Amino acid sequence: MFERIDTVCITVSSVEQSSIWYQELGFKVAFKGEGYQVFTIGNSGVPLTIEEGSVSLQENSTYPIFFTTDIKNTYSKIKEKGVEVTELKDDGDNKFFDFFDLDNNKLQVCFWE
């Protein structure tokens, strides 16, 4: 169902300002999308994604994103297990959906080519 952790995502109030901050720490921009950027970190195979959104200390704004090569099948399997899921979305670069664990922690699954 899942092939790997694709990235860890952090919600930030400003992608542009945060991008500069992360780059000053040595992170390298690998991809820029609408409202988000993906960074490589040294030799790590797992990148860091920053995504612009509402930042609140009460919300879980850091979450893993899992990669699958068959997002429709993965979506169906998770939904069949009675797990709370959002709708399957397509932003033009990625297909993705969120799901939630027993403590309402957000997790995400994506597919991209």
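Let me start with the aromatic cluster that F2, F66, Y75, F97 and F99 form together, where rings of Phe, Tyr and Trp (its six-membered ring) pair if their centres lie within 6.5 Å, and planes under 30 degrees apart count as stacked, over 60 as edge-to-face and the rest as tilted. Please keep in mind that this is a predicted model, in which local features need pLDDT of at least 70 and side-chain atom pairs count only at pLDDT 80 or more, while totals for chains, interfaces and linings use all residues. Residues are numbered from 1 along each chain as its sequence is written, and side-chain values use heavy atoms, with hydrogens and water left out.

Now to Y63, which belongs to strand 5, residues 62-67, strands being DSSP runs of E, at least two residues, numbered from the N terminus. Is Y63 buried or exposed? Y63 is buried, at a relative accessible area of 2%, where buried means under 20%, exposed over 50% and partly exposed in between, with a 1.4 Å probe and protein chains only.

The side chains of Y63 and E51 are joined by a polar contact of 2.7 Å, that is, a pair of N or O atoms within 3.5 Å, of which, within protein, one must be able to donate a hydrogen and the other to accept it, and residues adjacent in sequence count only if both atoms are side-chain atoms. K106, in turn, lies over the face of Y63, 4.0 Å from the ring centre.

Methods:
Helices (H or I, at least four residues) and strands (E, at least two) are DSSP runs, numbered from the N terminus. A charge sits over a ring if NZ of Lys or CZ of Arg is within 6 Å of the ring centre and within 35 degrees of the ring normal.
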